[in-house]
Amino acid sequence: MASLSLFIFVTLAILVILFVNPTFSTSRRALEHKKVQTGFRVTLKHVDSGKNLTKFERIQRGMKRGQLRLQRLSAATTASSDAAQVEAPIHAGTGEFLMNLAIGTPPESFSAILDTGSDLIWTQCKPCTQCYDQPTPIFDPKKSSSFSKLSCNSQLCSALPASTCASDGCEYIYQYGDYSVTQGILASETFTFGDKVSIPNVGFGCGSDNEGDGFSQGSGLVGLGRGPLSLVSQLEEPKFSYCLTSIDDSKTSSLFLGSLASVNSTQKKSITTTTLTKNPSQPSFYYLSLEGISVGGTRLDIDKSTFEVQDDGSGGLIIDSGTTLTYIDGHAFDALKKEFIAQTKLPVDTSGVSGLDLCFTSPSDTSDVEVPKLIFHFNGGDLDLPAENYVVIDSSSGLLCLALGSSGNSGMSIFGNIQQQNYLVIHDLAKETLSFIPKQCDEL
């Protein structure tokens, strides 16, 4: 009887420890799942923020970067259709917006490039074999109590496009479209975002060999693509949204993750939602279901298959925060340009000084100038863009230009960030949908 009473007492004591003070159980779940119970907001800064530039100059600078990014994205799809020619899969890289965050314990602040066209989160780490100059001190993992190398049999190591197993853990190589590259050790760390929201055990690349153009704007890169390595995929709630202010606005933009990315009931009346499609050869990109385009009241004569992903992985339309202009298939752009000229009662500028594909000579008083509507017909709804999202006026040169371009014969089309400004753009990875809600983003 005494031994039975002792057994019952010990059993009850263990249950009390487990359920009343479940410290061990909670910390273990955090280690295994990296859960985020609430949403959070991160401030985004445009890479040209703080520079004395006109709207037209910002667009021209963004256009030059965007053309390089288009080449990288096209290279990525080309490489995927002939993977035998490359050592590692190629990703987009670079971008137009920087986000502030912190890494480690104690936290060390840095800014990183936000990229919806790739997955890996990475920053430069000591000791460096090859590192570029960055705005903040290079992260030293030895000074962080929460740093941990990931093993070769971890799920994130298996998700890497190219990796090797070394004596000290999982080594990665991640290559971008301009052949910039980051290499190092895959590890986990505590990252701190926004209003001091700390997330433990986030998988990231601790890069000791980082080479190429475009990285020096920040101290690393945060991938928000659809793959398992991205920040959004590592959160409990696989959803994010952003609201980008006008390109000529000095105010910051916003990124929302987790529960804060959700839509409330008052916003649903003005929402345009379309399905996200997949390209097996480029699983990181967010492909949209675009069925057609209208200029004014005229639906362009474009074959529906123009914006579909082809069997070899080429084609399709992706939405991208890191490209300034929208670029569409060459044949589709020719039809759009022809119709836009026919409906715009202004002389076409042929000087080519702007660098944009279509400009008109604008009168000094533009208040009476009418431009035709531009509507994108997505599967699920139409997006009727405001004029400031596709037309830019430069008073100094007297030009009115279309903020879209041709992607030539690459087959790929990109829905750029000028067209997304002052919309809350919601990516829902669980439902595989993307939504647009008109917003005044500088007032959020």
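This is a predicted model: local features need pLDDT of at least 70, side-chain atom pairs count only at pLDDT 80 or more; totals for chains, interfaces and linings use all residues.
Q: What relative accessible area does C441 have?
A: C441 is the cysteine to which a disulfide joins C243. C441 is likewise placed in the buried class. Its relative accessible area is 2%.

Q: What is the handedness of the link of C243 and C441?
A: The two sulfur atoms of C243 and C441 are 2.0 Å apart. The torsion about their S-S bond is -70 degrees. The link of C243 and C441 is therefore described as left-handed.

Q: How many residues apart in sequence are the parts that C243 and C441 tie together?
A: A disulfide joins C243 to C441. C243 belongs to strand β12 (residues 239-243), while C441 lies in the segment after β28 (433-438). The pair therefore ties together parts whose separation in sequence is 198 residues.

Q: Which strand holds C401, the partner of C359?
A: A disulfide with an S to S distance of 1.9 Å joins C359 to C401. C359 lies in strand β20 (residues 359-361), and the pair ties together parts that are 42 residues apart in sequence. C401 lies in strand β24 (residues 399-402), so the strand asked for is β24.

Q: Is the disulfide of C359 and C401 left-handed or right-handed?
A: Both C359 and C401 are buried. The torsion about their S-S bond is about 105 degrees. With that torsion, the disulfide is right-handed.

Q: Is C128 buried, partly exposed or exposed?
A: A disulfide joins C128 to C131, with 1.9 Å from S to S. The torsion about this S-S bond is about -75 degrees, so the disulfide is left-handed. At a relative accessibility of 34%, C128 is partly exposed.

Q: Which residue in the hairpin of β23 and β24 takes a positive phi?
A: Strand β23 (residues 391-394) and β24 run antiparallel and are joined by 4 bridges. Within this pair, V391 stands opposite L402. The hairpin has 4 residues between the strands, and a positive phi near 70 degrees is taken by G398.

Q: What percentage of the residues of the protein chain count as buried?
A: The protein chain contains 6 helices and 28 strands. Its accessible surface is about 20,000 Å², with 52% of that area belonging to carbon and sulfur atoms. Among the 444 residues of the chain, the buried share is 52%.

Q: Which are the edge strands of the open sheet?
A: The open sheet is formed by 4 strands in the order β17-β16-β21-β22, with antiparallel pairing. Each edge strand pairs on one side only. The edge strands are β17 (298-299) and β22 (381-385).

Q: What is the bridge partner of I293 in β21?
A: Strand β16 (residues 290-295) pairs with strand β21 (residues 374-378) in the antiparallel sense over 5 bridges. In β21, the residue bridged to I293 is F376.

Q: At about what angle does helix α6 run to β16?
A: Helix α6 spans residues 330-343. This helix lies across β16, β17 and β21. Its angle to β16 is about 25 degrees.

Q: Which residue in β15 stands opposite L276?
A: Strand β14 (residues 272-277) pairs with β28 over 4 bridges in the antiparallel sense, and T274 stands opposite L434 there. β14 also pairs with strand β15 (residues 287-288), again antiparallel, over 2 bridges. In β15, the residue opposite L276 is L288.

How values were computed: Residues are numbered from 1 along each chain as its sequence is written. Side-chain values use heavy atoms; hydrogens and water are left out. A disulfide is a pair of cysteine sulfur atoms within 2.5 Å. Buried means under 20% relative accessible area, exposed over 50%, partly exposed in between (1.4 Å probe, protein chains only). Two strands pair if DSSP finds at least two bridges between them. Accessible areas come from the Shrake-Rupley method with a 1.4 Å probe; for residues, only the protein chains shown count as cover. Contact means heavy atoms within 4.5 Å. Axes are lines fitted to C-alpha atoms, for helices over the stretch in contact, and angles run from 0 to 180 degrees between N-to-C directions.
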